[in-house]
Amino acid sequence: MVILGIGNILQKDDGLGVYAATYLNENYIFSKDIHIINGGVEGIHLVNIFMDNDHILILDSIKLEDEPASIYAIPAEELSGYGLNSGGAHEIGVLQCIDMLELQGKPVPKALVLGIIPFEVTFEITLSDTIKKAFIDYIGVALQYLEKHGINYQEKETIITLEEIINRAKDPSGAMI
């Protein structure tokens, strides 16, 4: 299974998926081979991840009409067709990758978009307080999804906080996954 963090850390809450993927990578040991990838704003360049893997958990902020910090788990097949020509901050995004595979008649991986409604998308390297407060719940939903699919986890002895991960992103020499 692949965990794919999507978003732009330069645009506040839009970077949630990248921070969440980094948080999972830094703080948990998984019972099965999990590949955690920072997809950032790579868009169509992620198509190989979709072609080479059969199960993907996509972490991202999503634009829906709902309260900020609302969490959604949406099977990717329910989003089929929404990716074509939709543009957006992630250029050609992950939904277009799925659409491309369908159009080419290639197998589409089982994929779930675990999304959270952003509070504020603006040019700043951080997350809003609203999203920070919901972050651990969001991580909890991701961990529940993994457990449901037979992947157990345990916390590492030393926990890297969300604030530490955000501060690393602000530091040019900081290491994100």
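**Note on the salt bridges of a predicted chain**

1. The chain has 4 salt bridges, a salt bridge being a side-chain nitrogen of Lys or Arg within 4 Å of a carboxyl oxygen of Asp or Glu. The model is predicted: local features need pLDDT of at least 70, side-chain atom pairs count only at pLDDT 80 or more, and totals for chains, interfaces and linings use all residues. Residues are numbered from 1 along each chain as its sequence is written, and side-chain values use heavy atoms, with hydrogens and water left out.

2. Start with the layout. The chain holds 5 helices and 7 strands, in the order β-α-β-β-α-β-β-α-β-α-β-α from the N terminus. Helices (H or I, at least four residues) and strands (E, at least two) are DSSP runs, numbered from the N terminus.

3. Lys-12 pairs with Glu-120 at 2.7 Å, N to O. Lys-12 sits in the loop between β1 and α1, and Glu-120 in the loop between β6 and α4, so this bridge ties together parts 108 residues apart in sequence. Lys-12 is buried at 11% relative accessible area; Glu-120 is partly exposed at 32%. Buried means under 20%, exposed over 50%, partly exposed in between (1.4 Å probe, protein chains only).

4. Helix α5 takes part in two pairings. Glu-26 meets Arg-168, with the closest N and O atoms 3.0 Å apart. Glu-26 belongs to α1 and Arg-168 to α5, so parts 142 residues apart are tied together.

5. Lys-132 bridges to Glu-163 at 2.8 Å between the closest N and O atoms. This pair links α4 to α5 across 31 residues. Lys-132 is partly exposed at 23%, and Glu-163 is partly exposed at 36%.
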